[in-house]
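Hello,

Here is the structure I promised to pass on to you. Please open it alongside this message, and I will walk you through what turned up.

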Amino acid sequence: MRKLFVLGALALSMSGAYAFNSQQQLMKTCNVQAKTSNKTGADRKAFMKSCLADGRKAQQEKMKTCNIEAAGKKGAERKAFMSTCLKK
């Protein structure tokens, strides 16, 4: 039971650190797309909301996939694998 808790806490801490960086990258990407398509005002706001929501869904799917692929790995090996997998 303790191992499960520790692994869960590790996964959450890793996903939190990665989410912050990926969130910043997602915001940059959406801003560039909005600027490139000359969106302003309400159109830009709607576009940004949609773009950010789609990006978050993609990141959640990536996390699920990486967790499945990391099955059986433990400790430093799992941490290194997750880091590499999530950066792809």
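Cys85 has a relative accessible area of 7%, so it counts as buried, the cut-off being under 20%. Please keep in mind that this is a predicted model.

What is Cys85 bonded to? A disulfide joins it to Cys66, with the two sulfur atoms 1.9 Å apart. Cys66 sits in helix H2 and Cys85 in helix H3 (residues 75-87), so the bond ties together parts of the chain that are 19 residues apart in sequence. Cys66 is buried as well, because its relative accessible area is 2%. The torsion about this S-S bond is about -85°, which means the disulfide is left-handed.

How many disulfides does a search of the whole structure find? There are two. As a quick reminder, a disulfide is a covalent bond between the sulfur atoms of two cysteines.

The other one runs between Cys30 and Cys51, with an S to S distance of 2.0 Å. Here Cys30 belongs to helix H1 (residues 2-36) and Cys51 to helix H2, so this pair links distant parts of the chain, 21 residues apart. This link is left-handed too, with -85° about the S-S bond. Are its two cysteines buried or exposed? Cys30 has 0% relative accessibility and therefore counts as buried. Cys51, at 13%, is also counted as buried because it falls under the cut-off of 20%. If you number the bonded cysteines of the chain in sequence order, the pairing reads 1-2, 3-4.

Which residues of H2 are buried? They are Met48, Cys51, Leu52, Gly55, Met63 and Cys66.

Setting aside neighbours within four places in sequence, Lys73 is in contact with Arg78 and Phe81.

Terms used: Residues are numbered from 1 along each chain as its sequence is written. This is a predicted model: local features need pLDDT of at least 70, side-chain atom pairs count only at pLDDT 80 or more; totals for chains, interfaces and linings use all residues. Side-chain values use heavy atoms; hydrogens and water are left out. Buried means under 20% relative accessible area, exposed over 50%, partly exposed in between (1.4 Å probe, protein chains only). Helices (H or I, at least four residues) and strands (E, at least two) are DSSP runs, numbered from the N terminus. A disulfide is a pair of cysteine sulfur atoms within 2.5 Å. Contact means heavy atoms within 4.5 Å.
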